[in-house]
Amino acid sequence: GMKEESDAVQGTSMAYGERMCMEQSMATVRNCPDRRTRDVVEKFVLLYGLDCIRKELAWYITSGTMPTSQAKKVPELINALCRELCPYSVRVADAFGIPKSQFGPMAMDWVEYNAYDNFGERMPEHPLTE
């Protein structure tokens with residue numbers, strides 16, 4: 001029916017956009033003259049690609065495109081890249097001109113944010129300082 005066709009069209013357009021983004025990002029990585037910058041940017045691009053796969057992981061498994069053994073590694077790879085890229089996150093946000101007011105509380109001070117069992121929420125009795 002019409003809904004199934006709409007879902008297919010939207011899914012195809014999303015996949016096309018993600019592919020274009022990956023291709024342009026990889027071209028940027030290839031053309032980056034500074035090795036250290038290139039290594040960091042390449043990891044952010046890899047993180048983006050893995051996140052695209054993660055969002056559609058069920059489809060990759062059920063279509064037989066990706067074996068379950070590989071699919072199980074996707075969240076681990078994402079978490080490892082997040083840990084590795086964490087020290088660069090504020091500098092990257094600054095490079096894109098993202099104001100600090102748009103940062104989540106954890107981005108401002110990870111240690112202070114996790115000093116109390118806050119169940120992932122901001123707590124008025126333990127305000128974060130900037």
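Glu23 and Arg19 sit four residues apart in helix H1, about one turn of the helix. Helices here are DSSP runs of H or I with at least four residues, and strands are runs of E with at least two, numbered from the N terminus. This is a predicted model, in which local features need pLDDT of at least 70, side-chain atom pairs count only at pLDDT 80 or more, and totals for chains, interfaces and linings use all residues. Residues are numbered from 1 along each chain as its sequence is written, and side-chain values use heavy atoms, with hydrogens and water left out.

Let's stay with that first pair for a moment. The side chains of Glu23 and Arg19 meet in a salt bridge, at 2.6 Å from N to O. The term salt bridge stands for a side-chain nitrogen of Lys or Arg within 4 Å of a carboxyl oxygen of Asp or Glu. Arg19 is exposed, because its relative accessible area is 55%, while Glu23, with 34%, is partly exposed. The cut-offs behind these words are under 20% relative accessible area for buried and over 50% for exposed, with partly exposed in between (1.4 Å probe, protein chains only).

Now move along helix H1, which spans residues 2–31, to Glu18. Glu18 has a relative accessibility of 15% and therefore counts as buried. Which residues does Glu18 contact, leaving aside its neighbours within four places in sequence? They are Tyr48, Cys52 and Lys55, where contact means heavy atoms within 4.5 Å.

Of these partners, Lys55 also forms a salt bridge with Glu18, and the closest N and O atoms are 3.6 Å apart. This pair links distant parts of the chain, as Lys55 belongs to helix H2 (residues 35–55) and Glu18 to helix H1, 37 residues apart.

Helix H2 brings us to another charged pair. Asp51 and Arg54 form a salt bridge through their side chains, with an N to O distance of 2.7 Å. How far apart are Asp51 and Arg54 in helix H2? They are three residues apart, so about one helical turn separates them. Asp51 is partly exposed because its relative accessible area is 26%, and Arg54, at 40% relative accessibility, likewise counts as partly exposed.

To place these pairs in context, a search of the whole structure finds five salt bridges. Among them are Glu23 with Arg19, Lys55 with Glu18, and Asp51 with Arg54.
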